[in-house]
Amino acid sequence: MIGTRIAQARKSASLSLRALAQKVEVSSTTIFKYEKEESTPDSTMLIALAEALDVKVAYFFKVNSDIKLTNLEYRKRKLSRKELKSINSKVINLVEKRLELELFYPKAESVKFKVPNGLPKYVQYQYDIDDMANRLREIWNLGENPIADLSEILESKGIKIFMIDESSKNNFDGFAGLANGEQIITISKDWTGDMQRFTLAHELGHLILEGRLDSKIDEEKASDRFAGAFLLPEKALKEKLGEKRKRVEIAELAMIKAEFGVSMQVVFIRANQVKIIGHDYSNSLWKFFKKEGWDKKEPSEVYPSEKVYRFKQFILRAVSEECIVESKGAELLDMSIEKFHNYLMTGI
Ligand SMILES: [Zn+2]
C-alpha cells in the first residue's frame, strides 16, 4: 500500500524516480523498491519522502481506492447494468479526488450532513410536505426568495454534489447515496439547470422525508412534491399568479421559470397543488405541452446549469497556501498543468 501511494505522489509531483531519489539522498533503485513494495521505508525516510513530495506522512497510509457507494437512490431506474457501472466508476473517481484533496488540505473537509431538528415528525397528507419544505427553508434561513445556488447551499450542509458527463439520451438524471458514509448527490452535466435543480431538491426530499411519511404516501411522489415546494413556495407563487386563476399565460410560466429555476411544467403543477388553478386546467396544460413536444424541450429560454464552486475553490486555496503543488491541483481538476497554470493567473 505505501509503495503505491509513494508512486502516486511521485507522479502527481511530476518527479522521476531519479529526481525523487536525489531529493531524499538515496539511489533510484531504493525508491523503485519502495514503490514495488520490495522494501519499506523507515519513519525517518517517510518524513523525508513526504517533504520531498509535498504531502503529509498520513498520505502514504490512507487508501482511497476502496470507496464504496451505498444506499443508492436513482431517480430513474431504467439504466442498464453497464450504464450503472460506468456512472458509479465516474462518481467514485470524483469522490477519490475530493478525499485526496481533503488529505492534503484538511480545511476542505465538509461537515457531516444532518437532517435538522425542528421538522415535523409525521407527514399524513401531501399538503404537509409543503409545510416540511417551508420549515426547512426557515431553518436554513433561505427566506422566500428564489434559491440562486442550490448546489452551494447543499454543499455547505455537507452534501457533496458531483456533476458527471452522461449523455442525456440514456435514462440517468441523478442519484443520491453514501460514499464511504458521506452523503452525495450526483447530477448530469447535460441536463438543463431547472432539471438539475429539481433532481437536487428531489434527492434532498428523500433525505428529509425518510421515516416521516404515512404508509399511504408514495415516497417518490412525495419527494417530487417536496422539490416543487422547496424551489417554489406557495406564498411566492401566489404573489406571482394571485390566489385563484381560471387560466394562465404561457409567458407567465416562462417568467416564473426564469426567476425560480424550475421548469414551466413544475410551475403549473405547483399552481394546481396550491389550488391557484384547477386540476382539469392543469391537465389540459399538460396535454398541450405534450402535444407541442414541450414536455421534452420547453419553448422558453434554457435555465443555466448548476455550478459547483467549492471543490475548485479549495484547490485554489490549497495551491495558494502551498499545501499542494500546482501539478497536483491540475491533476485533481483534470486539467493539463499548462491550462491550470493559466487558470491560476487569469481565472479563465
Ligand atoms: Zn427518488
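## Exercises on a predicted model

The second largest pocket has a volume of about 800 Å³. The model is predicted.

**Exercise 1. Describe the lining of the second largest pocket: which residues lie nearest its centre, and which element gives the most?**

Step 1. Start at the centre. The lining holds 24 residues, and Leu 94, Met 163, Lys 189, Phe 311 and Leu 333 lie nearest the centre.

Step 2. Move to the elements. Two or more lining residues come from each of α5 (81–104), β2 (160–164), α14 and α16.

Step 3. Helix α5 gives the most, with five residues.

Step 4. Sort by class. The lining of this pocket has twelve nonpolar, ten charged and two polar residues.

**Exercise 2. Work out how α14 and α16 are oriented, and which residues meet.**

Step 1. Take the geometry. Helix α14 spans residues 310–320 and α16 spans 337–346. They pack at an angle of about 85 degrees, with their axes 12 Å apart.

Step 2. Apply the cut-off. Angles of 65 to 115 degrees count as roughly perpendicular. So α14 is roughly perpendicular to α16.

Step 3. List the contact. From α14 come Lys 312, Ile 315, Leu 316 and Val 319. They meet Phe 340, Tyr 343 and Leu 344 of α16.

Step 4. Sort by class. This contact of α14 with α16 has six nonpolar residues, one charged and no polar.

**Exercise 3. Explain why α12 is largely enclosed by the rest of the structure.**

Step 1. Set the cut-off. Buried means under 20% relative accessible area.

Step 2. Count. Nine of the ten residues of α12 (264–273) are buried, so the helix is largely enclosed.

Step 3. Name them. The buried residues are Met 264, Gln 265, Val 266, Val 267, Phe 268, Arg 270, Ala 271, Asn 272 and Gln 273.

Step 4. Find the neighbours. These buried residues pack against α6, α8, α9, α10, α11 and α13.

Step 5. Check the end. Just after α12, Lys 275 takes a positive phi of about 65 degrees.

Conventions:
Residues are numbered from 1 along each chain as its sequence is written. This is a predicted model: local features need pLDDT of at least 70, side-chain atom pairs count only at pLDDT 80 or more; totals for chains, interfaces and linings use all residues. Side-chain values use heavy atoms; hydrogens and water are left out. Axes are lines fitted to C-alpha atoms, for helices over the stretch in contact, and angles run from 0 to 180 degrees between N-to-C directions. Helices (H or I, at least four residues) and strands (E, at least two) are DSSP runs, numbered from the N terminus. Angles under 35 degrees count as roughly parallel, over 145 as roughly antiparallel, 65 to 115 as roughly perpendicular and the rest as oblique. Contact means heavy atoms within 4.5 Å. Ala, Val, Leu, Ile, Met, Phe, Trp, Tyr, Cys and Pro count as nonpolar, Asp, Glu, Lys and Arg as charged, and the others, Gly among them, as polar. Buried means under 20% relative accessible area, exposed over 50%, partly exposed in between (1.4 Å probe, protein chains only). On a 1 Å grid over the protein atoms alone, a cavity is a set of points where a 1.4 Å probe fits but cannot get out, and a pocket is an open set with protein on both sides within 12 Å along at least five of seven lines; lining residues have an atom within 4 Å of a point. Grid points are joined across faces, edges and corners, and a volume is the space filled by probe spheres set on the points.
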